[in-house]
Amino acid sequence: MEPDPRFTLANERTFLTWLSTALALCAGGVAMAAVPADVFVPWIRTGLAVILVTLSALAAGMAYPRWRNIQRALRRQEPLPPPALASVFGYGVAVVAVLALVLIILSA
């Protein structure tokens, strides 16, 4: 059975949002890596950049499988799968933000 087109389009918008999030996380990681060495401690700066780019790769890599699983559930009229990586992204970005804040305060 074909799902309501509104649900399919909402699922597609969510897929595209995951890709936008991946691009933003990647840009943040590249920006963090480009911060001059005298601003932040280099190993922490590199660690933050690696975390951001890793989160970016996870978001991009999981976007299509998530879209596909939700589309399948909509067609079968089954419960939607839970967002398995939502906590990883929430906590990952929170850790990066807190560490960056500490570095900003310490470098002032």
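How many residues does H1 have, and how far does H1 reach from its first C-alpha to its last? In this predicted model, H1 has 30 residues and reaches 43 Å between those two atoms, close to the 44 Å expected at 1.5 Å a residue. The legends below describe close-up views of this helix and of other parts of the chain.

**Figure 1. Helix H1 and its buried residues.** The buried residues of H1 are Asn11, Ala22, Leu25, Gly29 and Met32. These buried residues pack against H2 and H3. Two of them, Leu25 and Met32, are also among the residues with the most contacts inside the largest nonpolar core.

**Figure 2. The largest nonpolar core.** This core has 14 residues, and those with the most contacts inside it are Leu25, Met32, Phe40, Leu48 and Phe89. At least two core residues come from each of three helices, namely H1 (5-34), H2 (42-76) and H3 (86-107). The helix that gives the most to the core is H2, with 5 residues.

**Figure 3. The surroundings of Phe40.** Which residues does Phe40 touch, not counting residues up to four places away in sequence? Its contacts are Met32, Val35, Arg45, Ala100, Leu103, Ile104 and Ser107. Of these, Met32 is one of the buried residues of H1. Phe40 itself is listed with Met32 among the core residues that have the most contacts.

**Figure 4. Helix H2 and its kink.** H2 has 35 residues and reaches 51 Å from its first C-alpha to its last, close to the 51 Å expected at 1.5 Å a residue. A kink of about 35 degrees lies at Ala63, shortly before the proline Pro65.

**Figure 5. The aromatic pair of Tyr64 and Trp67.** The model holds 2 aromatic pairs by the rule applied here. In one of them, Tyr64 and Trp67 are stacked, with 5.6 Å from centre to centre and 25 degrees between the planes. Why are Tyr64 and Trp67 separated by about one helical turn? The two residues are about one turn apart because they lie 3 residues apart in helix H2. An α-helix has 3.6 residues a turn, so residues three or four places apart point the same way. Tyr64 is partly exposed, with a relative accessible area of 43%. Trp67 is likewise partly exposed, with a relative accessible area of 25%.

Figure 6. Ala60 lies in helix H2. At 38% relative accessibility, Ala60 counts as partly exposed. Not counting residues up to four places away in sequence, Ala60 touches Leu19 and Ala22. Ala60 and Ala22 are 38 residues apart in sequence, while their C-alpha atoms are 5.5 Å apart in space. Ala22 is one of the buried residues of H1.

Figure 7. Val96 is found in helix H3. Is Val96 buried or exposed? With a relative accessibility of 7%, Val96 counts as buried, because buried means under 20% relative accessible area. Not counting residues up to four places away in sequence, Val96 touches Leu48, Ile51 and Leu52. From Val96 to Leu52 the separation is 44 residues in sequence and 7.6 Å in space, C-alpha to C-alpha.

**Figure 8. Gln77 between H2 and H3.** Gln77 is found in the loop between H2 and H3, just after H2. This residue has a positive phi of about 55 degrees although it is not a glycine. At 58% relative accessibility, Gln77 counts as exposed.

**Figure 9. Pro3 in the segment before H1.** Pro3 is placed in the segment before H1. The residue is buried, with a relative accessible area of 11%. Leaving aside residues up to four places away in sequence, Pro3 touches Thr8, Gln71, Leu74 and Arg75. Pro3 and Arg75 are 72 residues apart in sequence, and their C-alpha atoms are 5.4 Å apart in space.

**Figure 10. Spans annotated in UniProt.** An unreviewed UniProt entry gives the annotation "domain: DUF202" for residues 6-73. In the model, this span is 90% helix and 0% strand, and its end C-alpha atoms lie 15 Å apart. For "transmembrane region", the unreviewed UniProt entry lists residues 43-64 and 84-106. Residues 43-64 are 100% helix and 0% strand, with end C-alpha atoms 33 Å apart. Residues 84-106 are 91% helix and 0% strand, with end C-alpha atoms 35 Å apart.

Technical notes. Residues are numbered from 1 along each chain as its sequence is written. This is a predicted model: local features need pLDDT of at least 70, side-chain atom pairs count only at pLDDT 80 or more; totals for chains, interfaces and linings use all residues. Side-chain values use heavy atoms; hydrogens and water are left out. A nonpolar core is a set of buried Ala, Val, Leu, Ile, Met, Phe, Trp, Tyr and Cys residues joined through side-chain atoms within 4.5 Å. Buried means under 20% relative accessible area, exposed over 50%, partly exposed in between (1.4 Å probe, protein chains only). Helices (H or I, at least four residues) and strands (E, at least two) are DSSP runs, numbered from the N terminus. Contact means heavy atoms within 4.5 Å. Rings of Phe, Tyr and Trp (its six-membered ring) pair if their centres lie within 6.5 Å; planes under 30 degrees apart count as stacked, over 60 as edge-to-face and the rest as tilted. UniProt positions are given in the numbering used here, feature names are shortened, and annotations may be inferred rather than shown by experiment. The expected span of a helix is 1.5 Å times one less than its number of residues. The bend at a residue is the angle between axes fitted to the seven residues ending there and the seven starting there.
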